[in-house]
Amino acid sequence: MGNSASVKGPPPETSPPPVNLFTAELYRNVNVRASVRAKLPMPADQMELERRFTKVLASMDLPPDKAKVLKQYDLERKWEIICDQERVQAKDPPSLYLKKLKTYLDPKASRSAKKRKMLGDSTSTQVLRDLEICLRTNPIEWVKEFLNDEHHGLDCLINYLGFRLMMMRAEARNANKTESDDNISVNSVGTNVINSCSKMNGRTSHFDSQDARRRSRHVLKLKMGDTKDDIHICIMCLRAIMNNKHGFSMVIQSTDAINGIALSLTHKSPRTKALVLELLAAICLVKGGHEIIVEAFDHFKEVCQEKRRFETLMGFFMYYEEFHVEFMVACMQFINIIVHSVNDMNYRVHLQYEFTQLGLDNYLEKLRIHESEELQVQISAYLDNVFDVAALMEDSETKTAALEKVADLEDELGHAHNRLGQLERDAAAQIANLERALMETRSERDKLKEGRRQAEEEAETLRRESANYRASLDEKNMNMFPRESSSSSGVSSCSSTGGGSSGGGETPPPPPPPPPLPNVAPPPPPPPMISSGAPPPPPPPGLMPLPTEKDCMTIKRQIQTKNRLPTLNWAAMRPNQVRGTVFNELDDNKVFNRVDFNDFEEKFKMPGPPCKDNISLTDSSLTSGTRGRKKPDLISLLEHNRLRNIAISKRKINVAVDQIARAVTSLDLRQIPLDTVELLQKMIPNEAEAKKYKKYLEDKKDVNVLTEEDRLLLELNKIANVQNKLNILQYMGNFNENLNLIAPQIEILKLTSKSVRQSMKFKGVLELVLAIGNYVNSAKRGPAYGFKLQSLDSLTDLKTPDKKISLMNYISETIRTRLPELMDFESELYQIERAATISLENLETDVKELEKGMESIRRENAGQNYGVLMDFLSASEERLRSLHTQLNDARSIFRETAEYFGECSRTSDPTTFFSFFVRFVKAFKAAERENEEQRRAEEVAAMKASADTMKRNKKIYLADEQEAVINELRNRSRMVQEMKLLPRDEVYNGALEDILLGLRNEPYRRADAVRRSHRRRIDSNRLSRTQEELEV
């Protein structure tokens, strides 16, 4: 591999790409390596092995990161590297190749037999190929020797490249001059460029014909190879030199070398052009390289007499003889890097405009349809980096206006804060006054309660005394009249109060009543003496009649909390509104036994002291199309626009006019398609057109002179009641489709209403929400017996003071831990998402339209008894009645369900009603996911916190050691991988190959390029909205 004389490389067009120096030095042929190890056994002394390995590493001149990796190898692998390195010994010194190159450059060498003998049979192409292989594969010391001050290898190679470039231009001029008589161009772009080049940095001068012939004889006598092959291999030699740290520094500091590489773009081979552009692009990615390349193209412009810089490059790019993907990709890559690798925004815009003037933007639009994926990637990268100057200016103006608007809004916000502060102070004063009034009202209420208690005690005393008095009075009456019958005793006793009997002995008068108590009303008389107008006294406590279970509601107790809690903003229902709803079946008291409300209160307590209280075509195209088909001798009774529209519609009808008339008259859809019926509905003659056609027929004019459109409308005008018949045809054609569209919606509405009402799990969820809401609100607003479904939307609004947990999160976690039987409650709610999209009003309207259409068919059939209509009616009437019945059932079930959940059945619509359920289920699922993520985060934190200290320290130690190696490697290639400019002093061995490999894997994009392209779409929408707001 190191023998330059024995290696026969491939031709320039098919030569392999340069191999990384590090890889070439490590990986050799296995058989040769085995033979070397067999001859050289491993030393027994480990210190000797390490000493020799250190010497090999020093000779390889590897970067620190790669040397560090090799030092970690075991002894056997180190010995393999030592053997490989000792086997790689250059056979020929650099002076041999330089001597041959200088001989080719010596004009007198062709006359010296000694020098020709020294060159031997090998051509210049073979010598350059061997030199390129040596530069790639020999040790670093060989390359340094080639470039040192003694040999000046780089200058010799540049001189030879300039000589061959001069010869190439001379050959191109001669070929062009030879073929000029036949008007044949050698290369439409390259030849003109080559002919216009007259100098090359002082080394190349214009050839006259005699000098050209002398040079040609010199080339033949020295057996020099093809000029184009030599130029290509010279560029490859420069590439191998630039892959060395020392060589890269020398090339980038040599103006002649960069100019020679740039002038090699005039080479005819697209592969050579691609190689040159790759090298120039790589140089641009090194700090200071961009200015060097721009100066090289300024020199190129002067040499090739370009009107504009980069004109020749764009000529090759846009006007090629044969499409070469590798060259097109390299050219697009170079343009992207030369324009966008500079940090000065103004300079970038200038270079971008320079290529725009050369037609790059228009040409990229054409290349968008090209099938080459690699080319599309490079074009996309360039467009991502492009500066949209107009958009930036517009954004700047909009931003200025937006900032002014922001300043105004801030002023208004400051005034609003002041007004809000004043309102808060006024509200605080009013609250203080209301609290004082509330305290006074409470004291009055307490006094009234005490007075009521005393009055009740007095009334109770009077009731007892009245009962005792009635009992004693009855006993006396029984003693006074023992012989009287029970039937008349009551009456006699009542009537005897006025005096004694007329005969017999005198009876003693009854004892007088007891004197009345002071300041107390006299007790009521006994029941027989009660007047009909006086109300009976109330029964004593405990003897009140109890209400039935159906009409009673359990009085809910107020819950006094330990801490101040936020208020749940729900729409509570009064007890009389709860009767007959789902909440009448719920008992939130049993939830208090299963839910830990202490934990709830701890999470949702408010800061502060605890609670005191607990299609179309253009007009021109249509006109031209109509004019193209219209015969010049036909006439029309229609207006121009009307005729054009009828002609457009008629082209879509593939049915004869007489067949259309028969089908419409007989109402037979089998003879005419439904699409044709819909077109005919738009073509029916209006009243004015109908009069024209009628008068035309009355005048007995020739119908054949009319256009086809007029004859069609004339036939339609002859059909009686044509509008109604077309509507009937359309109705019959769309009947099944409309029926199949409406019926599933009715069925979904019915099934969803039933599932929502019958869901026991969802009732349990509502029960939990009611219990939590009463726990939060009962001390402030009083207990609630139910709530409106719209209150479910507010569960996500109530949050803990730190805003991390909402009430929906707490409900979800409570159901998971305390009420797991309610976890999949949404599975009992059948297709609520689809039901939320159904409008009951639209369903009723659609069914009414179907019934209206069916009625029009009945009226039409009643007059003439069409067979087609009879068949349709017999097949469809029953289906429509069934659909109407299903709609009534679904409406009834839905309204009952709405009333069951406390909603108004008259105003509720499925869209609004079921949307409550849909939003609640979505919010519940989102809360579940948030809780799950929170649990996972807590588990991960716990696992990290509980990790063993010793184990963690060991991992840290190993990670630090490994990270040191990785960081060293990253520091070398970080600039290249991130597409940032690599400082010259940080260029390492193999940096050029890393740059080229990185460009092949990923096109050049600035760090903000992708984000800018994404932000441009977002900002455009945002700025447009901001502009509209400013205008408003």
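Reply: Happy to! A salt bridge here is a side-chain nitrogen of Lys or Arg within 4 Å of a carboxyl oxygen of Asp or Glu. Please keep in mind that this is a predicted model. The structure holds 36 salt bridges.

Let's begin with Asp 298, which forms a salt bridge with Arg 309; their closest N and O atoms are 2.9 Å apart. This pair links distant parts of the chain, with Asp 298 in helix H17 and Arg 309 in the loop between H17 and helix H18, 11 residues apart. Arg 309 is buried because its relative accessible area, 12%, is under 20%. Asp 298, at 34% relative accessibility, counts as partly exposed.

Another bridge joins Asp 824 and Lys 761, with 2.6 Å between the closest N and O atoms. Here 63 residues separate the partners: Asp 824 sits in the loop between helix H36 and helix H37, and Lys 761 belongs to helix H35. Asp 824 is partly exposed, with a relative accessible area of 35%, and Lys 761 is also partly exposed, at 21%.

Arg 936 is exposed, with a relative accessible area of 52%, while Glu 932 is partly exposed at 29%. These two also belong to a network of salt bridges that includes Glu 813, Arg 816 and Arg 935.

Terms used
Residues are numbered from 1 along each chain as its sequence is written. This is a predicted model: local features need pLDDT of at least 70, side-chain atom pairs count only at pLDDT 80 or more; totals for chains, interfaces and linings use all residues. Side-chain values use heavy atoms; hydrogens and water are left out. Helices (H or I, at least four residues) and strands (E, at least two) are DSSP runs, numbered from the N terminus. Buried means under 20% relative accessible area, exposed over 50%, partly exposed in between (1.4 Å probe, protein chains only).
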